[in-house]
Amino acid sequence: MATKQVRYEALVKALHADLYRYGYWLCHDKHIAEDLVQETFLRAWRALDSLKDEKAAKSWLITILRRENARRFERKRFEMSEYEEATITDVMATSSEQDIENHWLRDKIAKLPEEYREPLVLQVIGGFSGEEIASMLSLNKNTVMTRLFRARNQLKEAVDNEPTLRGLQNG
Amino acid sequence: MDDLQFRRSILADPKSRDDATNAAINNDPAKQKFANEIDALNNEISKAVNVSVPDDLANKLILRQTLASHQQHKSKKRVRLAMAASVAFVMGLTINFMMFSNTYKNLGDYAIAHVNHEAKHFSNDATASVSLASLNEKMALFHGSFDSTLGKLLFADYCRFSGSNSLHLVFQGESSPVNIFILPSDEDMEFIANFANEKLQGNSLNFNQSNIIVVGDKNEPIQQWQERVNKNITWSI
């Protein structure tokens, strides 16, 4: 019992931040993200004995979280328009110049199509390779690489095309 | 490596560059510039993606799990308690059944067993005797009385006879004590008029409310004893 508790606490401490961030980019809501993380860890606790390989813990937890998120839509199907997503991400507190820049980019990331954003978030937050992302999302590796390319390409274009707006906000 | 392929590879995964990509970067300043731009962009993306995490989230998670597993533990405890209670209950029933169930098929078998069991306590030459008055006092429970003590009464007391209360009388016999049992007739054991084993023999008499069982050794005129009982007993109801 005690060792399970210790394992669990270690798992929470090491991975809750990444998991929360991933959840946040899935649902664009701080509170829902928190709920998702809570559900995920509760499920993880119940199934902790089945987790043999500690290295696989992160992708295991992310898989649980994705399933929880999907379940959320099974339970209650509510529409989230692109407009809403953008406004929700706008709520982020901004204090410094760096934050303002992040804020602008965050907005752009939130506006990326879901299928581009998810692999990007997994790669950046989770540090997963193309193969790992492909197996988590049940896609083939080439598709994942193409989506990653398109995601960054769109962001790059956005950055290149809106220098005035950025300047305005920075100023 | 052509430009499109280079761009795809850099944009898809800026951090892992294979040899071909590295070679392309080193040979072409434009590509190097592009790679640096994307690196910078990727840094920006990392910063943007790493939204701030609620400070107490880790503690909340641990707390919630602790509470949940405490609940689980409590309900497990309850289940264990219920199981222990069931086991104790079944054991109680079993012991009850074993202690008070009829191991003997009929009155005769039981009477013989009873006599054998107590044989060592009674000697035919015992000097003790029980008066008629105290005998009849005890007989009151069975709503009967004796006109005489039928012989030398050595012992008279209530005995547990196959789970029901009975009166056990021991008389001096020819060579060994004669036992008479008076017990309620609402006995769930089979009534048997005559019975015997290698040493002992016995007769049962059925009255309205009581059975009277006489057990003695083979030398004993059991029939006579029975008649004596029959003549001397008076039932009050």
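Reader: What makes residues such as A:Leu120 and A:Val121 in α6(A) count as buried?

Author: The cut-off is 20 or more other C-beta atoms within 10 Å of a residue's own. In this predicted model, the α6(A) residues that are buried are A:Tyr116, A:Glu118, A:Pro119, A:Leu120, A:Val121, A:Leu122, A:Gln123, A:Val124, A:Ile125 and A:Gly126.

Reader: How do you know what span to expect for α6(A)?

Author: You take 1.5 Å times one less than the number of residues. With 13 residues, α6(A) is expected to span 18 Å, and from first C-alpha to last it reaches 17 Å, which is close to that.

Reader: What makes α6(A) and α8(A) roughly perpendicular rather than oblique?

Author: Their packing angle is about 95°, and the axes are 8 Å apart. Anything from 65 to 115 degrees counts as roughly perpendicular, so α6(A) is roughly perpendicular to α8(A).

Reader: Which residues meet where α6(A) packs on α8(A)?

Author: From α6(A) you have A:Glu115, A:Tyr116, A:Arg117, A:Pro119, A:Leu120 and A:Gln123. Facing them in α8(A) are A:Val144, A:Arg147, A:Leu148, A:Arg150, A:Ala151 and A:Gln154. Sorted by class, this contact has 6 nonpolar, 2 polar and 4 charged residues.

Reader: Over to the other chain, then: how many residues of chain A are in contact with chain B?

Author: On the chain A side it's 33 residues, in contact with 24 of chain B. Helices α1, α2, α5, α6 and α8 of chain A each supply at least two residues of that side. The largest share, 10 residues, comes from α1(A). By class, the chain A side has 20 nonpolar, 6 polar and 7 charged residues.

Reader: Where is A:Tyr8, and what does A:Tyr8 touch?

Author: A:Tyr8 is part of helix α1 of chain A, residues 2-27. Leaving out residues up to four places away in sequence, A:Tyr8 touches A:Trp45 and A:Leu48, plus B:Gln65. The C-alpha of A:Tyr8 is also 8.4 Å from that of A:Ala44, 36 residues apart along the chain.

Notes. Residues numbered from 1 in each chain as written. Chains lettered and ligands numbered in written order. Predicted model: local features only at pLDDT ≥ 70, side-chain atom pairs only at ≥ 80, totals over all residues. Helix = DSSP H or I, 4+ residues; strand = E, 2+ residues; numbered from the N terminus. Contact = placed C-beta atoms within 7 Å. Nonpolar A, V, L, I, M, F, W, Y, C, P; charged D, E, K, R; others polar. Axes fitted to C-alpha atoms, helices over the stretch in contact; angles between N-to-C directions. Parallel < 35°, antiparallel > 145°, perpendicular 65-115°, else oblique. Buried ≥ 20, exposed ≤ 12 C-beta atoms within 10 Å, placed from the backbone.
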